[in-house]
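The sequence and the structure are shown first.

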Amino acid sequence: MIGKNVRRIRKELNETQEKFAEGIGVCKDTVSNIERGEVIPSAQVLANMSINAKISINLILGIDVPEVKK
């Protein structure tokens, strides 16, 4: 699931695996492995993805956060 989300996010950014990899501080092969589900990204890589894409880590992980009722 994480891999599919990473691929979708990268494509929404119109970035190649190489450009996305540069932005998060890993090599292109790592992005490819994550997208295929062969590797689970570390907390640091998830944080870098979140910063690079300007999105919540929850979106990368596919976690729905329920709204807190007041």
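At what angle do helix H1 (residues 2–12) and helix H3 (residues 28–35) pack, and how far apart are their axes? The angle is about 125 degrees and the axes of H1 and H3 lie 7 Å apart. Axes are lines fitted to C-alpha atoms, for helices over the stretch in contact, and angles run from 0 to 180 degrees between N-to-C directions. H1 and H3 are therefore oblique to each other; angles under 35 degrees count as roughly parallel, over 145 as roughly antiparallel, 65 to 115 as roughly perpendicular and the rest as oblique.

H1 contributes Gly 3, Lys 4, Val 6, Arg 7 and Arg 10 to the contact, and H3 contributes Val 31, Ile 34 and Glu 35. Contact means heavy atoms within 4.5 Å.

The model is predicted: local features need pLDDT of at least 70 and side-chain atom pairs count only at pLDDT 80 or more, while totals for chains, interfaces and linings use all residues. Residues are numbered from 1 along each chain as its sequence is written, and side-chain values use heavy atoms, without hydrogens and water.

Most residues other than glycine have a negative phi. Two exceptions are tabulated with their phi values.

| Residue | Phi |
|---|---|
| Asn 14 | near 55 degrees |
| Lys 54 | about 55 degrees |

Asn 14 is in the loop between H1 and helix H2 (17–24), and counts as exposed (over 50% relative accessible area, 1.4 Å probe, protein chains only; buried is under 20%, partly exposed in between) at 69% relative accessibility. Lys 54 is in the loop between helix H4 (43–53) and helix H5 (57–61). With a relative accessible area of 75%, Lys 54 is exposed. Helices (H or I, at least four residues) are DSSP runs, numbered from the N terminus.

Notes:
Helix = DSSP H or I, 4+ residues; strand = E, 2+ residues; numbered from the N terminus.
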